[in-house]
Amino acid sequence: MLRRHLLVGLAALGVALSASSPARAAPRFERCGGYGYSCARVKVPLDRTGARPGTVSLMVKRIRSRMQPARGAVIVLAGGPGQSATEAFAGDGVGLLFPAYRSRDVIVFDQRGTGRSGPLRCRELEQANLLSAEDAAGRCATGLQSRRGFYTTADSVEDVEAIRRELGIDRIALFGTSYGTKVALAYALRYPTHVERLALDSVVEAAGPDPLYSDTIAAVPRALRAVCRGACSSFTRDPVADLQELVGQMRRRGRLRGPLVDARGRTRSTSLGRNDLLGILIAGDVDPALRAAFPGAVRAALRRDPAPLLRLSRRTFTVAGRPPPPRILSAALYAATTCEETPFPWARNTPPDPAVRRRDALLVATARPDSDFLPFDRATVLDSDLLTLCGRWPVASPPPPPATTPLPNVPVLLLDGEDDLRTPVENAKRVAARFPQAQLVVAPATGHSVLGSDPSPCARRAFDRFFRGGRVPTRCGKVRRAFFPQPPPPTRLSRVRKLPGVAGLRGRTLVAVRLTLRDVLEDAVTELVFDPRSRDIARGGGLRGGTYRIAQNGGVVLRGLRFVPGVRVSGRIRRFGEREQRGRVRVSGRGVPGGVLTIVADRVRGRLGGRGVRAKLNLLVASRPVVAAAASTRLR
């Protein structure tokens, strides 16, 4: 579910024990770190049937309510599955919870197998690409033995209940994002009388996710047209029709092949398949630059220039597919929860033989009409990362309980992003329909993990009012996107549009420089979002050649970088992407008016081809540093 899931939820304190709960000593909390946290341990059985001995020590962190006595408590449930909640809310993320701990105690805990709650480890998976980890997952399952069956959503639900009882709380509020919403819903189904309210961000249905991505594929046309609204007319009439045409071409001709420049500037041949197109779209849920670049890259591929799309594929599968460090996300827990409880298109007792399981999946997919897969096709979904991940995983747990029991009649807030394809708005609507008091807020121009990535104050205002007990705004105003779709990259300098006020090749060259620098900003966002381990902020190859490197201090070094064929840009820029940026770059290339340009903020001046030039190039892609903008959408 790495493509689909992520974030956290909350629980309540300060109320008398329910009559049915046995009296026991409350956990002893002691101050730990900053941000007002205190920490305690809650010990729970590994196997509640008692058949397998052992316990799990859950790390539980608490922030006391600013209002005393508190109205109760809220328990924060992290996503993934496998994400550490205490890591996600160790720094600036705490501020997101302020509306909750203004009046309630906030409880953040690492679910079993994550963070500091007995982390589940499989080094094979930690070194693999989780989007194509079939063999590594199979070896992980063998190494974990029967223990792999005790890390399901049902186990996490019982852990939440254990924390509630230990803390002496009668009714708790729960807040979760992505997979965390599934845990919150499962708790509400299992213990409805102990739920005070639910806040669900990027909603996974209780019986989800669908390993054939039916809900995602159905939402692709809406999401693509939302991204292109008023921005793609210069190069396409319909981005969905373009995608469907490209999928058809690849079905007839095979994988898309072409050149790719790596982070060392070396060009090699690579390829992508139809499922990779879907993967790029889904990765765009948390990488707005990736999503914005998709329509133009598809159009370029239809014009026989595959390089832009292959580069997006590198960003998706080389960068986004690498698991974060185990302290942030347990790859083993991710695989265990996913493979034990996802409703796969094969029986639970089917042998862990990928050939047998794919045969069964093909039978299920063949029984569905072609229209269910448009603008993709059956082959796309049968190459699903979830089917691949779990192809060799032998199930070791009972099936998840049915999600058909009544849900509690309590206040429910659902937040979903207009652009989200992992957990589309349609999912949230179906869940909302099951609650009499549900309020759904759709954040425009926003992908996954709404509370942390909504560029407007709409979602945060709704969250605040929900926990105050006030009226929640159900409609959000329009917002400006940080990244806009761009036309297919030019394949020669003569195809670069002219710059008003600067004649001939010099004007086109200035525009080529702007395109090159903008491309660095947008290409770098993927590493900012997905790879917190990077020594540099980001590094990569140019579309047509050369390299760039963005250091931790925000400075960029360009070495022969080429976005427009033949136009080389080299140099250094301090505070890159910010209003205070400044630096010098050298422009060169055969048939290109070369020279040196000085960049100060949003303006450039210097000499090209021996003549002075001066222009405003709109080099800034956002009102705040791109580094900060991307960091705010980092996976939670």
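## Cis peptide bonds

Pro375 sits in the loop between helix 13 and helix 14 (378-382). Helices (H or I, at least four residues) and strands (E, at least two) are DSSP runs, numbered from the N terminus. The peptide bond that joins Leu374 and Pro375 is cis, with omega at about 10°.

Another cis peptide bond joins Gly208 and Pro209, and here omega is about 0°. Pro209 belongs to the loop between strand 7 (195-203) and helix 7 (214-228).

## Basis of the model

This is a predicted model, in which local features need pLDDT of at least 70 and side-chain atom pairs count only at pLDDT 80 or more, while totals for chains, interfaces and linings use all residues. Residues are numbered from 1 along each chain as its sequence is written, and side-chain values use heavy atoms, with hydrogens and water left out.

Helix 4 covers residues 134-144, and its buried residues are Glu134, Ala136, Ala137, Gly138, Cys140, Ala141 and Leu144. Buried means under 20% relative accessible area, exposed means over 50%, and partly exposed lies in between (1.4 Å probe, protein chains only). These buried residues of helix 4 pack against helix 3 (123-126), helix 12 (331-341), helix 13 (354-366) and helix 15 (385-389). Contact here means heavy atoms within 4.5 Å.

Gln145 is not a glycine, although its phi is positive, at about 55°. The residue is exposed, with a relative accessible area of 51%.

The place of Ser202 is in strand 7. With a relative accessible area of 0%, Ser202 is buried.

## Salt bridges

A salt bridge is a side-chain nitrogen of Lys or Arg within 4 Å of a carboxyl oxygen of Asp or Glu. By this rule the count comes to 42 salt bridges. One of them is formed by Arg190 and Glu158, with the closest N and O atoms 3.2 Å apart. This pair links distant parts of the chain, since Arg190 is in helix 6 (residues 179-190) and Glu158 is in helix 5 (residues 153-167), 32 residues apart. Glu158 is buried, with a relative accessible area of 18%.

Asp285 and Arg291 form a salt bridge in which the closest N and O atoms are 2.5 Å apart. Asp285 is buried, at a relative accessible area of 4%, and Arg291 counts as buried at 4% relative accessibility.

## A network of salt bridges

The side chains of Asp523 and Arg314 meet in a salt bridge, at 3.3 Å from N to O. The pair links distant parts of the chain: Asp523 is in helix 19 (residues 504-530), Arg314 is in helix 11 (residues 307-319), and they are 209 residues apart. Asp523 is buried, with a relative accessible area of 2%. Arg314 is buried as well, with a relative accessible area of 13%.

Salt bridges that share partners join Asp523 and Arg314 with Asp287, Arg311, Arg315 and Asp519 into one network.

## A positive patch on the surface

Arg579, Arg603, Arg605, Arg614 and Lys616 gather in a patch of positive charge on the surface. The elements that give two or more residues to this patch are strand 18 (603-608) and strand 19 (611-616). Patches are made of residues with over 30% relative accessible area and no salt bridge; like charges are joined within 9 Å, and nonpolar side chains (Val, Leu, Ile, Met, Phe, Trp, Tyr) within 5 Å. Lys and Arg count as positive and Asp and Glu as negative, while His and the chain ends are not counted. The place of a charge is taken as NZ of Lys, CZ of Arg, CG of Asp or CD of Glu.

Arg614 is placed in strand 19. It is exposed, with a relative accessible area of 65%. Accessible areas come from the Shrake-Rupley method with a 1.4 Å probe; for residues, only the protein chains shown count as cover.

## A buried loop residue

Gln581 lies in the loop between strand 15 (568-574) and strand 16 (582-588). At 2% relative accessibility, Gln581 counts as buried. Gln581 and Gly554 are 27 residues apart in sequence, and their C-alpha atoms are 9.3 Å apart in space.
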